[in-house]
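Please keep the sequence and the model at hand while reading.

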Amino acid sequence: MNHNLFMVSHQYVFCLYLLLLVATLNGQAQGVPPAERVCGKWESADKRLIIQVYLEHSQYLAKLLWYSNTGGKPLDYWRDVKNPDPKLRSRRLLGMSLLSGLRYDKDSNSWEDGSVYDSTHGRYWNASATIDKKGQLRVRGYWHFKFIGRTMAFYRVS
């Protein structure tokens with residue numbers, strides 16, 4: 001009887017050790033500060049564009065890495081022709097900054113007070129972003145009030 005108790009306790013300790021090891025490794029893999037979880041490459045849910053979110057001078061920005069609506073022309077062919085500033089109408093869409101000014105708000109675990117540029121219409125909108133429980137990036141473009149806007153969903157890509 002003591003022998004069985006000894007075996008059960010060793011199995012219990014071993015399982016506990018494995019559980020702690022997995023938790024530690026998982027914690028190290030996700031050891032990115034909460035504010036920087038937004039950084040990386042993201043593909044839109046409709047698979048029409050890929051953006052790169054990065055931190056620069058204490059604000060989060062996103063640039064366009066790829067998009068699908070090319071009309072058979074190379075990606076670097078397309079220009080920002082709808083931009084309200086005539087001086088910017090010749091800049092390439094590829095590599096252009098689409099999202100800027102986001103700042104992390106630890107209380108709401110979101111990125112706020114940014115702006116997003118819609119090159120299709122040449123408009124800037126207020127922007128915020130969150131990462132939901134599924135790991136999906138949700139970027140909201142809105143006009144002064146968050147309930148007047150549109151949300152785009154993105155999935156992390158490597």
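What percentage of the 158 residues of the chain count as buried? In this predicted model, the share is 27%. The accessible surface of the chain comes to about 11000 Å², and carbon and sulfur atoms account for 59% of that surface.

The chain has 1 helix and 8 strands, in the order α-β-β-β-β-β-β-β-β along the sequence. Among contacts between residues at least 6 apart in sequence, 39% join residues at least 24 apart.

Side chains of opposite charge can pair when their charged atoms come close. A search of the whole structure finds 3 salt bridges, listed here.

| Salt bridge | Closest N to O distance |
|---|---|
| Arg91 and Asp80 | 3.0 Å |
| Glu112 and Lys146 | 2.7 Å |

Glu112 and Lys146 link distant parts of the chain, 34 residues apart. Glu112 is in strand 5 (residues 110–118) and Lys146 is in strand 8 (residues 145–157).

Glu43 counts as buried because its relative accessibility is 16%, whereas Lys47, at 54%, counts as exposed. Asp80 is buried, with a relative accessible area of 1%, while Arg91 is partly exposed at 26%. Glu112 is buried at 14%, and its partner in the salt bridge, Lys146, is partly exposed at 37%.

Key: Residues are numbered from 1 along each chain as its sequence is written. This is a predicted model: local features need pLDDT of at least 70, side-chain atom pairs count only at pLDDT 80 or more; totals for chains, interfaces and linings use all residues. Side-chain values use heavy atoms; hydrogens and water are left out. Helices (H or I, at least four residues) and strands (E, at least two) are DSSP runs, numbered from the N terminus. Buried means under 20% relative accessible area, exposed over 50%, partly exposed in between (1.4 Å probe, protein chains only). Contact means heavy atoms within 4.5 Å. Accessible areas come from the Shrake-Rupley method with a 1.4 Å probe; for residues, only the protein chains shown count as cover. A salt bridge is a side-chain nitrogen of Lys or Arg within 4 Å of a carboxyl oxygen of Asp or Glu.
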